[in-house]
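Dear colleague,

Please find the structure below, handed over for your review. My notes on its charged and aromatic side chains follow.

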Amino acid sequence: MKAYAHRLIKRSRDFDMTSGGIMGKLIAFSLPLALSGILQLLFNAVDLIVIGQFSATGSESLAAVSSNNALISLIINVSLGLSVGANVVVAQSIGSRNKERAQNAVHTAILISVICGIAVGLVGALCARYFLVWMKTDAVVLDKATTYLSIYFIGAPANIVYNFGAAILRAKGDTKRPLAFLLIAGIVNACLNLIFVIVAHMDVAGVAVATIISQYLSVVLVIIALLREKDYCRLIIKKLRIKKRELMDILRIGLPSGILGSFFSISNVIIQSSINGFGYQVMAGNATGASLEAFVYTSMNAVSSATTTFAGQNVGAKRYDRIKGILLDSCIITIVISVVLGTFILLLGRPLSALYTRDPVVVEYAIERMTVILPIYFVCGIVENFVGCLRGMNYAIVPMIPSFLCICAYRIIWVYTAFKTNATTFMLYISYPISWGLNLLLDIGLFAYAYNKVIRLSKNMREYKKLCGYLKE
């Protein structure tokens, strides 16, 4: 019986994050995450490339599709933040070998994702045009942008449920199946793009329909995977219900994460509104540059997601001594990714941008953005690592403070002061690296405070247990 239990526990620990070397395991865990994100970006890039190269109104359609990105992020980020909460709660439950809590968290998280997905889909589809008008979207592309956004939000339930499901699988160290699911869905998306845009001439509507079909395919695959799980992360449909304790834990960690993501999105919406005022060519160039930069960000973000899961499992296992090593190694990996990949994209900036559009003016606007952002992008990645580590340590609200001040408030103030006095795209873009630097300085101080507090509490607990042992004797 003991041998069976040992084998069961060993199988449940798909990825041992609580012992052994950290760097190699971080890379091994992050790589499938990064590949998943890069695949998703490649297929999103196919959306832009197909619409930019094969639509009858290339630059206008490209601007219409891409102008929605900041708004989409703003609306769904709270829901996606909750998936981070689910990841941490399940990871901590696995680390502490608490199967009942893990199961409660899984079923609570999936039900929350369904509710959030439906709500986001309805709000987004019904209010699409109002949002775009509020963002001062160029009248030339407003109708196309509204069509794309309205259809896109029909896929919001699938998008959000998939992210929750993938977060649950990642909590136990399974990053390979989410990668496979994205690969399958992405190939379908790319093929449908070509059919709907080139053959059926559906323009932006075709890109949107292809996207939501692929999203629903990916969520079907992740739900099937959870249904077939045998242990901590198994999903049983008839057990879907919201457990109060796990709900509060997910909200405590995930809601601040979602609000934190919204801070980024709110400032990005303000900046996007300012960019929209320069016309559709600048909009298209900004989107092209952002699309290429996203390959660097997604690779760095994979490391920060791994940091959250590693910290969560080690906190659950009470291995607080490994937290600093997790953070340090993740920052080293992030710097290498940013420097290598960012340099590559900058050197090939023009030919890569030309894949999106045949308009040389749009290409130059893309180069302008990347020249400002990419050289200092590693600072953004390091900030994400600090935030991820703090989340794994149960400090979900703490990172909101510097992010609100430096990312949201600072950028908005910048737009209405520095940019207003010198209304150029450079003045908009330069606000990004400045805000990352300020954020990092504050995060370093907050992490030092949180880490010392965790170590102090751990030491007090050990002394308490030791005292209890003496009393029993």
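Does Arg101 count as buried or exposed, and at what relative accessibility? At 10% relative accessibility, Arg101 counts as buried; here buried means under 20% relative accessible area, exposed over 50%, and partly exposed in between, with a 1.4 Å probe and protein chains only.

Two remarks on the basis of these notes are in order. The model is predicted, so that local features need pLDDT of at least 70 and side-chain atom pairs count only at pLDDT 80 or more, while totals for chains, interfaces and linings use all residues. Residues are numbered from 1 along each chain as its sequence is written, and side-chain values use heavy atoms, with hydrogens and water left out.

Salt bridges

The structure holds 11 salt bridges, each being a side-chain nitrogen of Lys or Arg within 4 Å of a carboxyl oxygen of Asp or Glu. In one of them, Arg101 meets Asp249 at 2.7 Å, N to O. Asp249 lies in helix α10 and Arg101 in helix α5 (residues 99-134), so this pair ties together parts that are 148 residues apart in sequence. Helices are DSSP runs (H or I, at least four residues), numbered from the N terminus. Asp249 is also buried, at 11% relative accessibility.

A further salt bridge joins the side chains of Arg177 and Asp174 at 2.6 Å, N to O. Arg177 is partly exposed, with a relative accessible area of 27%, whereas Asp174 is buried at 10%. Through salt bridges that share partners, Lys172, Asp174, Arg177 and Glu229 form one network.

Asp321 and Arg319 also meet in a salt bridge, at 3.1 Å, N to O. Arg319 counts as partly exposed at 30% relative accessibility.

Positive patch

Lys230, Arg234, Lys238, Lys239, Arg241 and Lys243 form a positive surface patch. Patches are made of residues with over 30% relative accessible area and no salt bridge, like charges being joined within 9 Å. Lys239, in the loop between α9 (203-227) and α10 (244-276), is partly exposed, with a relative accessible area of 40%.

Aromatic pairs

There are 10 aromatic pairs in the structure; rings of Phe, Tyr and Trp (its six-membered ring) pair if their centres lie within 6.5 Å, and planes over 60 degrees apart count as edge-to-face. The rings of Tyr152 and Phe153 have centres 5.8 Å apart and planes at 85°, so the pair is edge-to-face. Tyr152 is buried at 11% relative accessibility, and Phe153 is buried at 1%. Ring pairs also link Tyr297, Tyr377, Tyr432 and Trp436 into a cluster.

Yours sincerely

Definitions and conventions: Patch = residues over 30% accessible without salt bridge, like charges linked within 9 Å, V, L, I, M, F, W, Y side chains within 5 Å. Areas by Shrake-Rupley, 256 points an atom, 1.4 Å probe, with all protein chains shown as cover. Lys, Arg positive; Asp, Glu negative; His and termini not counted. Charge placed at Lys NZ, Arg CZ, Asp CG, Glu CD. Helix = DSSP H or I, 4+ residues; strand = E, 2+ residues; numbered from the N terminus. Phe/Tyr/Trp six-rings, centres within 6.5 Å; stacked < 30°, edge-to-face > 60°.
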